[in-house]
Amino acid sequence: MTNMLVRLFVPNYQDTEDPKVRTRYGMLSGVVGIICNLILFLSKMLIGLLTNSISVMADAFNNLSDAASSIIGFVGAKMAGKPADEDHPFGHGRIEYISAFIVAFLVIQVGFSLFKTSVGKIIHPEEMVFQPVSVVILLLSVAVKLWMGLFNKKLGKQINSSVMLATSADSLGDVLATSATIVSILVYGILGWNIDGIVGLCVSAVVLLAGVNIAKDTLEPLIGAPIDHQLYTEISNYVESFDGIVGTHDLIIHNYGPSRSMASIHAEVPNDVDIQISHEIVDRIEQEAYKRFHISLVIHMDPVETKNEQYLKLRQMLNEVLDEVDSRLQFHDFRMVNGKERINLIFDLVVPRDYKYSQYDQLRDRITRMVQERDKRCKCVINVENSYCAE
């Protein structure tokens with residue numbers, strides 16, 4: 001069913017990097033969500049009124065909020081697909097994250113409202129009416145929500161959409177909530193126990209948790225999430241694969257929405273190669289990297305020594321020291337300044353995030369001491385920094 005809908009309503013559906021295709025995916029998800037959730041709301045509201053069940057009516061209003069969320073997702077996808085303009089030179093892709101956050105807020109609001117209503121139902125319980133047909137309709141609702149969850153999850157993964165993945169998580173949470181409502185009705189019909197308010201309370205907890213998780217997932221890219229380790233490795237290895245590039249460091253990626261990213265990286269080039277040649281290599285890498293990763297990559301050239309034996313020997317010594325201190329430590333921008341009686345080793349040290357700022361001086365002293373144990377002439381000048389990559 002999912003593949004059929006995609007083929008029918010999304011021309012060129014395989015080109016998921018095209019903003020227009022992404023917009024069509026978002027619009028398809030929104031329309032399907034609006035139609036399905038409105039049908040579920042009307043059917044559950046009718047059942048809730050007939051059975052006088054607060055848990056069923058709570059579930060119905062949850063579907064109504066899902067319909068509103070789908071409308072927001074539809075509008076968000078349309079706006080996020082707008083091309084760059086004078087006021088927004090990096091495009092409008094982040095609107096997709098804002099839309100997902102609004103969805104999260106609506107889900108949390110509904111969850112809180114259900115919580116208050118359920119507490120009131122526990123304090124002042126009301127009689128319910130058991131009707132087997134209501135159970136059948138709710139079971140059909142579970143099936144619809146399960147399909148919607150899988151539908152949005154598949155689309156969300158195809159185009160890397162936080163809105164669709166958030167909608168999927170919400171739908172799968174609704175499956176659990178509606179299942180709990182069915183249990184409430186069956187328990188009342190079979191045993192005569194009215195656990196409607198308690199089940200409603202459980203439903204509200206599931207809804208609130210889903211909303212909080214959606215908000216957390218959508219806020220991360222807006223605040224600034226770390227670079228995915230796999231992507232960091234792929235880009236670094238790709239740049240280093242070109243002849244004339246000795247190494248790389250300081251890869252930073254700025255996200256302006258799904259499939260809208262800019263990045264910068266420092267590429268080490270031999271200091272004895274003509275700068276025009278190195279510049280030509282860097283230009284070619286930037287152009288080809290965009291075709292491969294769909295990321296606008298800016299490369300900063302760092303000239304490094306590749307033939308000086310003393311430099312290479314001291315660099316290797318520093319490698320061994322850092323590996324002994326902590327194998328996770330890395331360094332770059334290594335320079336050697338020879339004096340009459342002392343050799344300054346100047347470099348940037350990249351430490352994991354679990355190192356506290358108060359530990360930096362102690363770490364510098366330890367590395368310097370271990371280096372001087374190997375060569376008394378050496379003095380380390382260390383700038384400590386963190387990586388932007390997820391560990």
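## Exercises on a predicted model

G339 is partly exposed, its relative accessible area being 44%. The structure examined here is a predicted model.

**Exercise 1. Where is G339 found, and is it buried, exposed or partly exposed?**

*Solution.* Step 1: G339 belongs to the loop that joins β4 and β5. Step 2: a residue counts as buried under 20% relative accessible area and as exposed over 50%. Step 3: the value for G339 is 44%, so the residue is classed as partly exposed. Step 4: along the chain, G339 and C378 are 39 residues apart, and their C-alpha atoms are separated by 10.0 Å.

**Exercise 2. Determine in which helix S118 lies and what S118 touches.**

*Solution.* Step 1: S118 is part of helix α4, which covers residues 95-123. Step 2: with a relative accessible area of 1%, S118 is buried. Step 3: leaving aside residues up to four places away in sequence, S118 touches G197, G200 and L201.

**Exercise 3. Which residues of α10 are buried, and how are they arranged about the axis?**

*Solution.* Step 1: the buried residues of α10 are Y311, L314, M317, L318, V321, L322 and V325. Step 2: viewed down the axis of α10, these residues fall within an arc of 135°, so they line one face of the helix. Step 3: an α-helix has 3.6 residues a turn, so residues three or four places apart point the same way. Step 4: the buried residues of α10 pack against strands β3, β4, β5 and β6 and against helix α11. Step 5: E309, K313 and D323 are exposed on the face of α10 turned away from the buried side.

**Exercise 4. Is the protein a compact globule or more spread out?**

*Solution.* Step 1: the protein contains 11 helices and 6 strands. Step 2: its radius of gyration is 29 Å, whereas the globule rule gives 21 Å for 391 residues. Step 3: the radius is well over the rule, so the protein is more spread out than a compact globule. Step 4: the C-alpha atoms fill a box of roughly 95 × 50 × 35 Å along the principal axes. Step 5: buried residues make up 46% of the 391 residues.

Technical notes: Residues numbered from 1 in each chain as written. Predicted model: local features only at pLDDT ≥ 70, side-chain atom pairs only at ≥ 80, totals over all residues. Heavy atoms only, no water. Buried < 20%, exposed > 50% of the residue type's maximum accessible area, 1.4 Å probe, protein only. Helix = DSSP H or I, 4+ residues; strand = E, 2+ residues; numbered from the N terminus. Arc of directions from axis to C-beta. Contact = heavy atoms within 4.5 Å. Rg over C-alpha atoms; globule rule 2.2 N^0.38 Å.
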